[in-house]
Amino acid sequence: MEMRWSGVSIEDWWRNEQFWVIGGTSAHLFAVFQGLLKVLAGIDTNFTVTSKASDEDGDFAELYVFKWTALLIPPTTVLFVNMVGIVAGVSFAINSGYQSWGPLFGKLFFAFWVIVHLYPFLKGLLGRQNRTPTIVIVWSILLASIFSLLWVRIDPFTKDTLNNGASGQCGVNC
């Protein structure tokens, strides 16, 4: 209804959605951390504004290099977690039988929704033709593995009240 009222096309709305998801998992996230560091710890993050027209190979050349690799890690991690979630969910449903496919469809829908929103980011990351920093992939896989293992350990959606001690898992109340 808002789209019809404002006269925005579906393509423009979709690009806006993708922009906010990519920005929300990268630049906006770092801006929140930077603000929290300033307010809570008193750490001020300054930057020096210099003329970009002069001295490309001189004393201040390192000031012009944008250190963007840290901004790539959170969205890449979100992509990896959703891809691992899709593979794990489908394999669990295949092993568990017919009754497990119903709840899986909602989870698959939202996982695909996130991946489709981050598709321009993924296309840009993979389209760099071997210029993607290896540290981004390593950190993203490491963080995705940690989040996945924590999720499996906590297991928040499983209710096993009858055999809580026998299964060896205790859920959130460990």
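This is a predicted model: local features need pLDDT of at least 70, side-chain atom pairs count only at pLDDT 80 or more; totals for chains, interfaces and linings use all residues.

Colleague: How do the axes of H4 and H6 cross?

Modeller: Helix H4 covers residues 69-96 and helix H6 covers residues 119-126. Their axes come within 11 Å and cross at roughly 110°. Angles of 65 to 115 degrees count as roughly perpendicular, so H4 and H6 are roughly perpendicular to each other.

Colleague: Which residues make that contact?

Modeller: H4 brings Leu72, Pro75, Thr76, Leu79 and Met83. H6 brings Phe121, Leu122 and Leu125.

Colleague: And how do they divide into nonpolar, polar and charged?

Modeller: The contact of H4 with H6 has seven nonpolar residues, one polar and no charged.

Colleague: Switching to H2 and H3. How do their axes cross?

Modeller: The axes of H2 (residues 10-25) and H3 (residues 27-41) cross at roughly 40° and come within 3 Å. That makes H2 oblique to H3.

Colleague: Which residues meet there?

Modeller: Trp20, Gly23, Gly24 and Thr25 of H2 meet Ala27, His28 and Leu29 of H3. By class, that is three nonpolar, four polar and no charged residues.

Colleague: Now the surface. Which residues form the nonpolar patch?

Modeller: Val81, Ile135, Val138, Trp139, Leu142, Ile146, Phe147, Leu150 and Ile154. Together they have about 770 Å² of accessible area.

Colleague: Which helix gives the largest share?

Modeller: Helix H7, residues 134-154, with eight residues of the patch. Isoleucine 146 lies in H7.

Notes:
Residues are numbered from 1 along each chain as its sequence is written. Side-chain values use heavy atoms; hydrogens and water are left out. Axes are lines fitted to C-alpha atoms, for helices over the stretch in contact, and angles run from 0 to 180 degrees between N-to-C directions. Helices (H or I, at least four residues) and strands (E, at least two) are DSSP runs, numbered from the N terminus. Angles under 35 degrees count as roughly parallel, over 145 as roughly antiparallel, 65 to 115 as roughly perpendicular and the rest as oblique. Contact means heavy atoms within 4.5 Å. Ala, Val, Leu, Ile, Met, Phe, Trp, Tyr, Cys and Pro count as nonpolar, Asp, Glu, Lys and Arg as charged, and the others, Gly among them, as polar. Patches are made of residues with over 30% relative accessible area and no salt bridge: like charges are joined within 9 Å, nonpolar side chains (Val, Leu, Ile, Met, Phe, Trp, Tyr) within 5 Å. Accessible areas come from the Shrake-Rupley method with a 1.4 Å probe; for residues, only the protein chains shown count as cover. A salt bridge is a side-chain nitrogen of Lys or Arg within 4 Å of a carboxyl oxygen of Asp or Glu.
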